Amino acid sequence: MKTTPLTELEALNILLNIIGELPVNSYNVEGLGDAAIAKNILETTASSVQTSGWYFNTEEGIKFVPDSFGHIYLPKNAIKVLKSDENTRNIKVTQRGQRLYDLKNHTYVFEDPVYLDIVFFLDFPDIPESARRYITMKAGRRLQARIISDENLYSFTQQDEIEAMRDLEQEETEAGQYNAITGNMTSFNII
């Protein structure tokens with residue numbers, strides 16, 4: 001029984017196994033071969049899954065103070081930005097590049113600090129095991145559909161993905177302490 005978290009290399013080799021390819025010794029694969037395609041799908045799947053925002057990659061109420069030009073620069077790994085409930089004034093903002101943009105006033109210039117809820121993209125080793133497994137299974141299903149398109153294998157990896165998503169949802173529910181009474185509920189999309 002495995003007692004350490006899934007690494008990127010192990011995840012890549014799981015993907016290769018799903019399509020019947022031999023494992024690789026390094027995560028740094030280049031070119032157009034199946035390993036490079038699998039790595040690309042693993043990375044894009046990690047990004048798309050994390051964009052939804054989970055308890056482990058979302059921080060609420062972060063205060064951002066404009067610089068001397070009135071600009072607010074966002075962290076490089078910010079993948080979703082929303083105004084926080086902490087804001088006292090009515091603002092409408094979005095992320096444009098690495099800066100915050102005021103949609104209401106059509107400007108990058110802010111006079112006052114802004115509180116934001118930010119979803120961060122985290123590197124694979126920095127996310128929980130349940131998220132690693134879900135990303136791996138989802139990426140494996142995508143890779144299998146792209147490379148082999150075998151209905152029997154697709155059903156197998158789709159079931160693995162559903163089970164991994166259930167585990168991640170359970171962890172999200174426990175960590176987020178969601179309940180219907182407080183109105184703190186999240187809906188999930190499995191596929």
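The chain has four helices and five strands (helices are DSSP runs of H or I with at least four residues, strands are runs of E with at least two, and both are numbered from the N terminus). From the N terminus on, the order is α-α-β-β-β-β-β-α-α. This is a predicted model: local features need pLDDT of at least 70, side-chain atom pairs count only at pLDDT 80 or more, and totals for chains, interfaces and linings use all residues. Residues are numbered from 1 along each chain as its sequence is written, and side-chain values use heavy atoms, leaving out hydrogens and water.

**The chain overall**
- Of the 191 residues, 37% count as buried (buried means under 20% relative accessible area, exposed over 50%, partly exposed in between, with a 1.4 Å probe and protein chains only).
- Take the contacts between residues at least 6 apart in sequence: 63% of them join residues at least 24 apart (a contact means heavy atoms within 4.5 Å).
- The accessible surface comes to about 11,200 Å², and carbon and sulfur atoms hold 49% of that (areas come from the Shrake-Rupley method with a 1.4 Å probe; for residues, only the protein chains shown count as cover).

**The nonpolar core**
- The largest nonpolar core has 43 residues, and Leu74, Leu100 and Leu116 touch the most other members (such a core is a set of buried Ala, Val, Leu, Ile, Met, Phe, Trp, Tyr and Cys residues joined through side-chain atoms within 4.5 Å).
- Elements giving two or more residues to this core include α1 (8–18), α2 (34–51) and β5 (114–120).
- The largest share, seven residues, comes from α2.

**Aromatic rings and charges**
- The whole structure holds two aromatic pairs (ring centres of Phe, Tyr or Trp, using its six-membered ring, lie within 6.5 Å; planes under 30 degrees apart are stacked, over 60 edge-to-face, the rest tilted).
- Tyr55 and Phe56 pair edge-to-face, 5.5 Å centre to centre with 85° between the planes.
- Tyr101 and Tyr108 also pair edge-to-face, at 4.8 Å and 70°.
- Tyr101 is buried at 11% relative accessible area, while Tyr108 is partly exposed at 23%.
- The charged end of Arg96 sits over the ring of Tyr101, 3.7 Å from its centre (NZ of Lys or CZ of Arg must be within 6 Å of the ring centre and within 35 degrees of the ring normal).
- The charged end of Arg99 sits over the ring of Tyr108, 3.8 Å from its centre.

**A loop residue**
- His106 lies in the loop between β4 (99–102) and β5.
- Its phi is near 55°, a positive value in a residue other than glycine.
- His106 is exposed, with a relative accessible area of 61%.
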